[in-house]
Amino acid sequence: MNPSTRSPLTWAVHLSVLLLVILWTMPTAGLLISSLRDKDQLAVSGWWTALATSSRNDVARAPSADSQVERDGKFVISGNLLEGRGGGQISAFGFSSREHGKFKAGETAELNDGERLTVQGDGSFEIVSDTKMEGSRGQRIFYTAATPPRFTIDNYIEVLSAAGIGTSFLNSLTVAIPSTVIPILIAAFAAYALAWMPFPGRAILLAVVVGLLVVPLQMSLIPLLQVYNGVGAFFGVPAKTYMGIWLAHTGFGLPLAIYLLRNYMAGLPREIMESARVDGASDFDIFVKIILPLSFPALASFAIFQFLWTWNDLLVAIVFLGAGEDSLVLTGRLVNLLGSRGGNWEILTASAFITIVVPLIVFFALQRYLVRGLLAGSVKGG
């Protein structure tokens with residue numbers, strides 16, 4: 001279609017889709033930019049100002065009188081206010097918190113006892129006195145500095161070098177992969193039976209599956225744990241194992257998996273199955289050789305949802321796997337890392353982006369099947 005002949009409604013739809021894409025991707029872009037910014041700039045400005053020069057008010061203390069040197073008959077204390085603070089350009093300074101920017105860079109301020117303070121734009125300063133200065137504490141200098149944008153990977157280095165991150169990453173993979181594959185295997189068989197195998201009570205069973213979709217995880221978590229611990233104690237199985245969390249995620253994910261796959265399989269052409277039965281194929285042959293290949297979009301759609309849930313989960317992992325150093329998942333490790341750093345919250349951005357890297361890879365690898373798998377459920381099957 002020629003772009004000039006498109007209707008206003010078509011343009012409105014395209015613009016709406018573009019706006020939604022921007023709104024959905026903007027938080028992720030902001031998270032990535034924030035994770036690469038210097039922590040001092042991140043603390044005082046938003047990610048959208050990352051490419052702009054930022055201004056900050058700060059305070060530094062000059063060296064004590066012990067560091068003074070005699071020069072041309074005068075006593076001088078010198079140094080640089082920006083040393084070790086990422087550089088920048090000082091525009092104003094003062095020696096009182098009430099007059100933070102009273103003097104411009106390059107001017108000289110008169111201090112007590114005849115001392116004179118000069119601060120240059122590059123941060124270098126001098127305190128000059130005609131007589132020998134005394135005191136054990138240096139002069140406080142307040143200043144306003146303009147800092148150019150700075151980007152660094154220090155936040156990622158801090159997170160990735162923390163103790164236990166590698167173990168927790170492997171723990172999350174150990175939890176997420178089986179917790180995604182097991183429900184798909186079970187749900188595929190159940191969905192085929194509910195879609196194409198008539199048996200007594202099929203409608204009631206399907207209604208139960210739909211009803212389980214609305215059961216809150218938090219309401220059933222503790223009863224499920226008690227049942228698991230009781231059965232485990234009877235067979236001598238430890239309470240905190242990977243098997244327990246696999247079964248828990250399987251139980252919570254099965255209703256959605258069965259419902260999604262059943263709707264998809266019910267929409268497949270009946271003629272294919274009937275022709276296969278005429279040729280002597282059993283239900284298992286039909287399921288393996290016909291249904292599964294045709295149902296790959298629906299399987300991929302559920303795999304995305306299930307993997308994202310199990311990878312980002314913390315509640316079920318803590319309850320069924322525990323919070324020990326050897327069993328803690330990545331989300332739990334990053335929570336502990338943030339808590340142990342106190343106010344050093346800038347690592348939160350790097351931590352959050354590290355957790356979404358693997359889900360993003362899974363999503364982009366399977367996203368072409370997502371819409372096909374979801375929309376297929378709207379087709380009424382036989």
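Predicted model: local features only at pLDDT ≥ 70, side-chain atom pairs only at ≥ 80, totals over all residues.
Guide: Residues are numbered from 1 along each chain as its sequence is written, and side-chain values use heavy atoms, with hydrogens and water left out.

Visitor: How do you know that the span of H7 agrees with its number of residues?

Guide: Helices (H or I, at least four residues) and strands (E, at least two) are DSSP runs numbered from the N terminus. The expected span is 1.5 Å times one less than the number of residues. H7 has 25 residues (242-266), so it should span 36 Å, and its end C-alpha atoms are 34 Å apart, which agrees.

Visitor: Where does H7 bend?

Guide: At Gly253, by about 45 degrees, with Pro255 following within four residues. The bend is the angle between axes fitted to the seven residues ending at a residue and the seven starting there.

Visitor: Why is H7 called largely enclosed?

Guide: Buried means under 20% relative accessible area, exposed over 50%, partly exposed in between (1.4 Å probe, protein chains only). In H7, 18 of the 25 residues are buried, so the rest of the structure largely encloses this helix.

Visitor: What makes a space a cavity?

Guide: On a 1 Å grid over the protein atoms alone, it's a set of points where a 1.4 Å probe fits but cannot get out; lining residues have an atom within 4 Å of a point. By this rule there are two cavities of 30 Å³ or more.

Visitor: Which elements give two or more residues to the lining of the largest cavity?

Guide: Helix H2 (39-44) and strand E1 (54-61). Among the lining residues are Asp38, Arg56 and Arg150.

Visitor: And what lines the second largest cavity?

Guide: Ser172, Ile245, His249 and Trp311 are among its lining residues. H7 comes back here: helix H4 (165-196), H7 and helix H10 (296-312) each supply at least two.

Visitor: How do you know that E4 and E9 pair?

Guide: Two strands pair if DSSP finds at least two bridges between them. Strand E4 (residues 89-94) and strand E9 (residues 140-147) have five, in the antiparallel sense. Gly94 stands opposite Phe142 in E9. They belong to an open sheet of four strands, ordered E1-E9-E4-E5.

How values were computed. 1 Å grid on protein atoms, 1.4 Å probe; cavity = no way out; pocket = protein on both sides within 12 Å on 5 of 7 lines; lining within 4 Å. Points joined across faces, edges and corners; volume = space filled by probe spheres on them.
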